[in-house]
Structure formats: structure tokens, C-alpha cells
Amino acid sequence: MGLFGSFLTKFSRSRATPEDIDEFRKVLIESDIGTEFTEEIIKLVEREKSESLSESVSTHIRASLSNQARLITKTEGRLTTILVVGVNGTGKTTTVAKLANLLKGEGSKVMLAAADTFRAAAVEQLSTWGERIEIPVVVGKVNGDPASVAFDAATRAKNEGFDYLIIDTAGRLHTKNNLMEELSKVRRVVEKVTPIDEVLFVLDGTTGQNGITQAKSFADVVSITGIVVTKLDGSTKGGIALATERALKVPIKLVGTGEGVSDLSSFVPEPYIADLLTQP
Ligand SMILES: Nc1nc2c(ncn2[C@@H]2O[C@H](COP(=O)(O)OP(=O)(O)OP(=O)(O)O)[C@@H](O)[C@H]2O)c(=O)[nH]1
Ligand SMILES: [Mg+2]
């Protein structure tokens, strides 16, 4: 992180030349925060040369983000159901396990549904996590109907008084209509048993601007209520997270920072933005 810091420090002391602006624009675009934020930040830089430039930029970014709650929903007195969706390999299954472990740690009774029935390895992956974190996993037949696994799990979780059901789904390209339609079927079928309270879209933080297009397609089909940004460990710039939240007006709720079960945290915008703006 810390991409913009040296530029902002420089511009707070002396007026930026057109060459400086071009160079800074390139850095902003490469950070994946998107063209809207980029042009707005450039405007701020062109307008004010002051010690508080960094603060102005930070305030501007914060004001463009969601003010909705960033906590995972908890429905009192009945099962809370969470559907986890996204394109291939973004970290859905890992996030399901991390989130389940977190909720269990808070004292909730959690069940998982392996509604990724495309590959035997996917079912096995979630089952292995279930054993490790000691949380029951409902599985179905490989190549079976994901909606039917989700339905069975919802029925069981509801009847057995669970607090949370988290449904893992297969990764799918947002451009494949039949696979997207399958997701909306999962939703419809589960909702015959119990409402879906939260739909988390898992975004790989290393994805470029295509992340926004992906998120929009999923939002159209299953109405996303929260974004999880994964792989924000290492040198990931992760500006795409802010661009996606802004474009969708859906809050980032969780951030994945590693492959371990405890590498999941709540998203707090202020330190994240500060980190983006400080010097390397
Ligand atoms: N570094 C890092 N790796 C992660 C993180 N989250 C997931 N991964 C890794 O990313 C890879 C894919 O994770 P999965 O959870 O299997 O992703 P998925 O979205 O379920 O994949 P499909 O089901 O195939 O679509 C695995 O190697 C994970 O360990 C993260 O926050 N940081
Ligand atoms: Mg998976």
C-alpha cells in the first residue's frame, strides 16, 4: 500500500506540474480505484496546495463510500442464512470456513452447505474445513442439483435450531447465463424454507476493474448485500475494493488477509484509506 503518499506529500508542498499530474493519474489508475475516484482526486490536487491535502483526499473517498452497516446480519429468534457467491477461485470456500469459525467463536450454532456440486474436490474441501473447525457440513451428490443441497441444508438448519446457515456455491463466470440462473434458483428454492438474509459477493482483491462488472452481474441476479474482499495480504493494492463498493453502493463487510482460518476481519474504511494514502 502507500501508493499515493509520496505524491500527496509532494503536492502539499509545491504546486503539481502537468507532468506530475500525468504521473499521479497513472499511479491512481494502476491502483484500480477506478476512473471516477481518479479524476476527483486529481481535481482536489489541482485545486488545493495545502498541508491538509491528504486529509481532503481521505475525506472525499470516505464520503463516497457506503454508510450502511458493515456487520454480518444476525436475525434474532430464527435462522440467519448467508449465500456466498462469486467467480472462480476468488476465495469463497475459504471465506465460508473463516466466517463460520468466527461466528462459532461468538457463540453461534453454525451449519454449512456444500452447494458447489460441480467437483468432488470442492465438496471435499468444505468437508475438510468442517472437520477442522468442528462445524457440520451438509453435502449432496457430486454433479447433483446445488439448489437441492441448499434446500436440504436449510430444512435441517431450521428444524435443528441453528443460528446460521452459510451456503457455499460453485465459482461461475458472470457472463454464463445458465450458471447465473442456477444461482437464482438456489435462492428461490432456499426461500421456500427460510429467507436468505445476506448474500456475500466474494471479490479477489487482486482483480482489476473487471471486478466491478462481475459484482454488478451477480447483484442483478441475486441482490448482493455485502462484499468480501480477499487476498488483501501481501502487496495487493486493493483499490478495486473501494471502486466496487462505490459502483454498487453495497458495503464491503469483510476482508480476507491470508489462507488461515483466522485471516478474516471486519472492514473499517478509515484505516484502510489511511493505509492507501500514507507513504511507503
Ligand atoms: N493469500 C490469500 N489467499 C487466499 C485468501 N482467501 C483464499 N485464498 C486462497 O485462494 C485459493 C482459492 O480459494 P477458494 O476458497 O478455494 O476459492 P473459491 O472461490 O472457493 O474457488 P472455486 O470454488 O473454485 O470458485 C486457495 O488457495 C485459498 O487458500 C486470502 O485472503 N489470502
Ligand atoms: Mg469453492
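## Secondary structure

Helices here are DSSP runs of H or I with at least four residues, and strands are runs of E with at least two, numbered from the N terminus. By this count the protein, a predicted model, has 11 helices and 8 strands.

## Overall size and packing

The protein is as compact as a globular protein of its length, because its radius of gyration, 20 Å, is close to the 19 Å that the globule rule gives for 280 residues. The C-alpha trace spans about 65 × 40 × 30 Å along the principal axes.

Of the 280 residues in the protein, 44% are buried. Contacts can also be sorted by separation in sequence: among those between residues at least 6 apart, 76% join residues at least 24 apart.

## Two domains

The domain assignment divides the protein into domain 1, residues 5-64, and domain 2, residues 80-268. Between the C-alpha centres of domain 1 and domain 2 the distance is 35 Å.

## Where the domains meet

Contact between the domains involves 8 residues of domain 1 and 8 residues of domain 2. On the side of domain 1 that touches domain 2, the elements that give two or more residues are α3 (34-47) and α4 (53-64). The largest share of that side comes from α3, with 3 residues.

What is the make-up of the side of domain 1 that touches domain 2, in nonpolar, polar and charged residues? The residues on that side of domain 1 are 3 nonpolar, 3 polar and 2 charged.

Conventions
Residues are numbered from 1 along each chain as its sequence is written. Chains are lettered from A and ligands numbered from 1 in the order in which they are written. This is a predicted model: local features need pLDDT of at least 70, side-chain atom pairs count only at pLDDT 80 or more; totals for chains, interfaces and linings use all residues. Domain bounds come from an automatic or database domain assignment. Two residues are in contact if their C-beta atoms, placed from the backbone, lie within 7 Å. Ala, Val, Leu, Ile, Met, Phe, Trp, Tyr, Cys and Pro count as nonpolar, Asp, Glu, Lys and Arg as charged, and the others, Gly among them, as polar. The radius of gyration is taken over C-alpha atoms; the globule rule is 2.2 Å times the number of residues to the power 0.38. A residue is buried if 20 or more other C-beta atoms lie within 10 Å of its own, exposed if 12 or fewer, and partly exposed in between; C-beta atoms are placed from the backbone.
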